Amino acid sequence: MTTQPIEMNDPLRREEKNNPAPDRKDAGPSRPDVSRPGRDDLLKRMKKVDPKQSEKYKQRTGQ
Amino acid sequence: MKRRIYGIETEYGLLINGDDFKYGSVDVAVRLKNHIFDKKTGVLDLHYRANDEPPGNGGFLVNGGRVYLDMGHLEYASPECSNLTDLVTYDRAGDMVVQDAVEEMGWGDQVSIIKNNVDLETNATFGCHENYLVSRAFQFDNRENLRMLASFLVTRQIYAGAGRTGACNPQPFRDWDEVNHTRKEQEQVDFQISQRADHIPNEFYRWVQYNRAIVNTRDEPLSDPSKYRRIHLLVGDSNMSEFATALKMGSTAVLMELIELGVSDPDWILADSVSTMRDISRDPDFKWEVTLRDGKRSTALELQWEMVNCAKEHLKGSSTDTDWVIEAWESVLTDIPKGPEALLGRVDWASKYWMLTEFMKAQDLSWQDPWIKSLDLEYHNLNRQKGLYWGLEETGDAWRRTTDSAVEHAKGTAPKGTRADGRGELVKTLAQSQTGYLIDWIGFRLNKEEPFLMLDPFISYKKEIRDYLNNLDLQQPYDRDSFFR
């Protein structure tokens, strides 16, 4: 892939979204009341995950 | 904010999918490491760095960072970065260097690189280490300062934690010094906001394995020890969210500056930081109540508000990074009470919690279902086609601090403004030469020449290194016996 050198300190490169609209006014975490756009795509991605893959994840303790 | 140097070290987990893959996970890690260096993206060490780091165990990359094997894990250490945007970019570049190797080996379907910190079956843990260069004048031996830093680190997990299902109840080593002996009965935990909280039995300690501490007190500056100190923290989680990585490191750097200025408040100190860390992480109601040293009650959220307000009063306007940190810090603290969905793409534990609860609702599953553990892992999969975090980028929910083109560039080019720039120049040259070399963070030596020291991480040394290399015969074959004599 061809890449162009870029200015690494340029704050304009930030790609941030606007704050999401709050779904509740009261304090305390809560489950959203309405279905979020993109939720179905995320659920499809989740459904493809091998339900037993955690058993195959055999890691050594590191630091 | 004062000029800082930042760095992140990431130990990756490795998952072999399917039962008939020809290699085990340690063998795969070795082959991935070899592939990275075979394609000349770096140069392998020719010398022992330690007893467990023989020649060929790892090496420096053309971007100034390092890839190596550490206790069976493939690990990437970012180059030294002078600002948060570079830090996030080079952290992500390391992820992509490793993931690219998986795909170039043709193992994209069989091997998953998992950027997390815990094996949910065995509770093995592995780290994400943060590095901050501060002045030697930083009063690190002052325990009050360390306790204020510990209070910050314990409570920052409400936005820096990566989240995990279940819990681990490791017991501390009883015969070591300064161990917190508090034992907790096994308790049923569905979800907690930190991956590492269960694995930190001490408030302060110098070692990095088993007896981990909230504040690691090892003094290894990797620079001029008369001028600098490197604060090395292992208490945090690996973040998938770019926003979370930047806020975690940025808010910690800001907090250190408040301590240096002498304006941090001893009233922030917790009564028992180790047990509070676990209690916050495991609180199913996300209320995060804490007891302060003076006996008063507060919450992690309130303490963090006091800290950001202190930063606003004393540091606002001091740099672009500082202003970004204060604004981002306030935004997450404001949104935390609104619930996990309001934090999607900014806070990893909240993003994961929201996804898992939505999935459980859709599939009628409980927290104890093995599928939920597997989905927890998948949140951290670096494969963009599979990993759940990348689904948030696809839906536009991930808050970014860099770009894909910047990350691509950072895989092969060192950051500006630090000695990594000079090191990158050196490694690029050595990748095409025959000469013998010994490289470390603080300098290098070629053939029988005198060592070239790079003791100030704020200096690039690039021109000096170019001039130095121009005066050497770099095609002189490497002679091990002569080099190490």
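In strand β18 (residues 452-453) of chain B, B:Phe452 stands opposite B:Phe444; helices (H or I, at least four residues) and strands (E, at least two) are DSSP runs, numbered from the N terminus. The model is predicted, so local features need pLDDT of at least 70 and side-chain atom pairs count only at pLDDT 80 or more, while totals for chains, interfaces and linings use all residues. Residues are numbered from 1 along each chain as its sequence is written, and chains are lettered from A and ligands numbered from 1 in the order in which they are written.

Strand β17 (residues 443-446) of chain B pairs with β18(B) in the antiparallel sense over 2 bridges, pairing being assigned if DSSP finds at least two bridges between two strands. The two form a hairpin with 5 residues between them, and B:Asn447 in the turn has a positive phi of about 45°. On its other pairing, β17(B) is antiparallel to strand β16 (residues 437-440) of chain B over 4 bridges, with B:Arg445 as the bridge partner of B:Leu438; a hairpin of 2 residues joins β16(B) to β17(B).

Elsewhere in chain B, 7 strands form an open antiparallel sheet in the order β3-β4-β5-β6-β1-β8-β13. Strands β3 (42-44) and β13 (228-233) of chain B are at the edges with a single partner strand each, so one side of each is left without a neighbour in the sheet. Neighbouring strands are turned by 20° against each other on average, direction ignored; axes are lines fitted to C-alpha atoms, for helices over the stretch in contact, and angles run from 0 to 180 degrees between N-to-C directions. Within the sheet, 3 bridges join β1 (residues 6-11) to β6 (residues 73-77) of chain B, and B:Glu11 stands opposite B:Glu75. Helix α5 (residues 242-261) of chain B packs on the sheet, touching β1, β8 (128-135) and β13 of chain B, where contact means C-beta atoms, placed from the backbone, within 7 Å.

Turning to chain A, A:Ser35 is found in the segment before α1 (39-47). A:Ser35 is exposed, with 9 other C-beta atoms within 10 Å.

Note on methods. Two residues are in contact if their C-beta atoms, placed from the backbone, lie within 7 Å. A residue is buried if 20 or more other C-beta atoms lie within 10 Å of its own, exposed if 12 or fewer, and partly exposed in between; C-beta atoms are placed from the backbone.
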